[in-house]
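Okay everyone, thanks for coming.

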Amino acid sequence: MEQENALLEVSEIQLVYRPKVKASERIRVNDAKEAYGVLMKSWDMDSIEIIEQFKMILLNTGNRVLGISHLSTGGRTGTLVDLKVVFGIALKAGACSLILAHNHPSGNLTPSEPDKRLTEQIVRGGKYLGIAILDCNLTLASYTQN
């Protein structure tokens, strides 16, 4: 009987905030170049030309980095991103804004139609939740720059 009742209960998510760094010590991102530098520190340079990956930088109200989340890894031509995961992470981290980034192993800098649709969906979802999606015109296909 007890097991039957447990099957009918809604599982709960617990929210716990355990900052690893003081807010004043966090890296501030003021522009695309700084965002690029932060992202490149987290990218696996051994696979950047082989597989597509999607990441996001989570920011507080002062554009200080709360963290970087690796959202997905795909193949050579694409990767899938689940919006529920994007916003679940953003909400749990207390992010006020996000910077989205993914690499194109082909080196092609032109966003695909699926890239554009995904970005539009995330921007629309962010508006409902009060989470800004910052446009840095950031492309990791330029990783070969010195």
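Predicted model: local features only at pLDDT ≥ 70, side-chain atom pairs only at ≥ 80, totals over all residues.

**The sheet and its surroundings**

Strand 4 runs parallel to strand 3, residues 97–102, and the two pair over 2 bridges.

Now zoom out a bit. What order do the 4 strands take in the sheet? They go 2-1-3-4, in an open sheet with mixed pairing. At the edges you've got strand 2, 65–73, and strand 4, 132–133, each pairing on one side only. Helix 3, residues 83–93, packs on that sheet and touches strand 1, strand 2 and strand 3. The direction of helix 3 makes about 25° with that of strand 1.

On to charges. Side chains of opposite charge can pair when their charged atoms come close. How many salt bridges does the structure hold? There are 2. In one, Lys-84 meets Asp-82 at 3.5 Å, N to O. Lys-84 counts as exposed, at 67% relative accessibility, while Asp-82 is partly exposed at 36%.

The other salt bridge joins Glu-113 and Lys-116, with the closest N and O atoms 3.3 Å apart. Both sit in helix 4, 3 residues apart, about one turn of the helix. Glu-113 is partly exposed at 46%, and Lys-116 is partly exposed at 38%.

Staying with helix 4, residues 113–129, we also find Tyr-128 there. Is Tyr-128 buried or exposed? It's exposed, with a relative accessible area of 72%. Together with Leu-91 and Leu-129, Tyr-128 makes a nonpolar surface patch of about 370 Å².

Conventions. Residues numbered from 1 in each chain as written. Heavy atoms only, no water. Patch = residues over 30% accessible without salt bridge, like charges linked within 9 Å, V, L, I, M, F, W, Y side chains within 5 Å. Areas by Shrake-Rupley, 256 points an atom, 1.4 Å probe, with all protein chains shown as cover. Salt bridge = Lys/Arg side-chain N within 4 Å of Asp/Glu carboxyl O. Buried < 20%, exposed > 50% of the residue type's maximum accessible area, 1.4 Å probe, protein only. Pairing = 2+ DSSP bridges. Contact = heavy atoms within 4.5 Å. Axes fitted to C-alpha atoms, helices over the stretch in contact; angles between N-to-C directions.
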